[in-house]
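Dear colleague,

Please find below the structure that I am handing over to you, with its sequence. A summary of the findings follows it.

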Amino acid sequence: MANYQAPKGTQDVLPEVSFTWQWMEKAMRRACALAGYREIRTPVIEHTELFLRGVGDTTDIVQKEMYTFEDKGGRSITLKPEGTAGAVRALIQSGALAGTLPQKAYYLFSPTFRYEKPQAGRLREHHQFGVEVFGAAGPSIDAEIISLAYNLFVGFGVKNLKAQINSIGCPTCRSAYYERLRAFLGSRLDRLCDACRDRFERNPLRILDCKEAGCQAALEGVPEMVDCLCPECAAHFNGLQQSLTALEVPFEINPRIVRGLDYYTRTVFEIVSDQLGAQATVCGGGRYDGLVEQLGGPSMPGIGFGMGMERLYLMLDALGLLPKVPPAIDVFIACVDSTAGLEALKLAKALRAAGIRCDVEHTGRGLKAQFKYAGRMGCRFVCVLGPDELAEGKVVIRDMAAHEEQKVELCHCAGWLMQKQAGLEVEG
């Protein structure tokens with residue numbers, strides 16, 4: 001018999017774990033709702049050209065990591081490797097960008113696919129939470145989304161957080177910087193890795209982001225983009241710093257942050273924490289003022305960020321910040337014999353209608369085995385139905401923690417349990 005395994009670089013989220021994912025998602029939805037962001041959901045597949053034009057053909061994602069195939073109609077299709085390009089395409093196609101601005105959107109548990117060596121928190125299929133804003137050009141919106149991400153992590157209990165920010169300018173001032181950067185690196189090409197030598201002509205800014213030791217050594221004393229900004233970009237960057245200070249978000253300027261996608265302009269940032277030892281990036285993003293127009297829409301500024309859900313989960317788990325998983329049900333309805341089966345189903349329906357999480361015996365186990373099952377499920381209460389109880393129109397309710405039981409009218413069972421649970425919540 002075949003022994004099927006999940007494909008390499010993917011993972012299952014089992015019922016015992018999904019509660020903590022939902023807990024993270026609830027916090028993300030609330031943070032977004034409070035700031036006026038609404039959810040957008042885009043297809044898992046897009047036409048490949050969207051990412052070639054949007055993400056950039058010089059990026060590692062496009063060159064090495066995309067899952068691309070030809071469909072039966074001969075069209076080149078790609079599994080979504082990031083969320084921004086699809087969101088831009090959707091808003092252009094729908095005409096939403098011609099409406100009220102700014103447009104604020106977020107995506108959650110969005111499947112993304114990148115063919116790379118699987119490692120902890122970085123899978124070939126992973127899921128992203130991200131926000132996107134279109135139609136706001138000033139630095140205050142940059143600060144808002146950085147603050148949203150920062151405060152989300154604070155709410156999860158992560159400590160030692162700060163934002164690292166940089167500006168990579170606009171096409172005008174960046175082209176002048178490229179000349180300075182190439183002049184600086186020209187005599188050091190032999191010290192760069194193969195990938196960075198390839199980037200030298202096409203996208204030298206990406207060399208600043210290389211983690212190879214030789215490249216880092218070659219960059220000692222490299223000119224910084226923040227010293228080459230045009231007046232407009234410099235004013236925007238200063239405004240960002242003032243806004244972050246007003247929002248009480250700790251930050252530092254890191255001139256090596258450039259991010260990995262070609263569409264970024266001006267503000268780029270990462271949220272980092274050293275609570276796990278070495279300083280780790282937990283979220284990153286930036287401004288992409290030319291992307292909407294590049295993908296066929298109007299000239300319109302944009303900014304956003306993304307974070308990997310798997311990486312966030314692992315971090316919160318390592319820090320002991322994930323909530324305890326509650327029992328799947330609070331009440332189990334046990335049947336003394338088969339004569340109680342239909343009444344048990346009716347009682348389960350009534351309890352669920354009252355908002356009480358419950359289950360009923362479906363497998364024909366004996367009463368003792370049913371109590372063992374209820375204990376394994378972590379149920380606080382077991383309702384027992386049998387011939388004697390049905391004759392009286394009552395149900396025996398056992399409190400598994402207090403080792404007490406009481407007979408209650410069937411018609412009052414839901415109210416009795418709701419009152420008991422409310423009392424337990426107050427005590428807790």
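Ser147 belongs to helix α5, which spans residues 139–156. Please keep in mind that the model is predicted. With a relative accessible area of 8%, Ser147 is buried. Beyond its neighbours within four places in sequence, Ser147 makes contact with Leu247 and Val249. Glu248 is 101 residues from Ser147 along the chain, and 8.5 Å separate the C-alpha atoms of the two.

Helix α5 is also among the elements that cover the buried residues of α11, as are α1 (15–34), β5 (103–113) and β6 (125–134). Those buried residues of α11 (309–318) are Met309, Glu310, Leu312, Tyr313, Met315 and Leu316. Just after α11, Gly320 adopts a positive phi of about 70°.

As for the aromatic residues, the count of aromatic pairs is 9. Tyr67 and Tyr115 form an edge-to-face pair, with 5.7 Å between centres and 75° between planes. Tyr67 lies in the loop between α3 (60–65) and β3 (68–70), whereas Tyr115, 48 residues away, lies in the loop between β5 and β6. Tyr67 is partly exposed at a relative accessible area of 26%, and Tyr115 is partly exposed at 46%. Tyr106 and Phe129 also pair edge-to-face, at 6.5 Å centre to centre and 65° between the planes. This pair joins strand β5 to strand β6 across 23 residues, and both Tyr106 and Phe129 are buried.

Finally, two arginines lie over tyrosine rings: Arg124 has its charged end 4.1 Å from the ring centre of Tyr115, and Arg365 is 4.3 Å from that of Tyr373.

Yours sincerely

Technical notes:
Residues are numbered from 1 along each chain as its sequence is written. This is a predicted model: local features need pLDDT of at least 70, side-chain atom pairs count only at pLDDT 80 or more; totals for chains, interfaces and linings use all residues. Side-chain values use heavy atoms; hydrogens and water are left out. Helices (H or I, at least four residues) and strands (E, at least two) are DSSP runs, numbered from the N terminus. Buried means under 20% relative accessible area, exposed over 50%, partly exposed in between (1.4 Å probe, protein chains only). Contact means heavy atoms within 4.5 Å. Rings of Phe, Tyr and Trp (its six-membered ring) pair if their centres lie within 6.5 Å; planes under 30 degrees apart count as stacked, over 60 as edge-to-face and the rest as tilted. A charge sits over a ring if NZ of Lys or CZ of Arg is within 6 Å of the ring centre and within 35 degrees of the ring normal.
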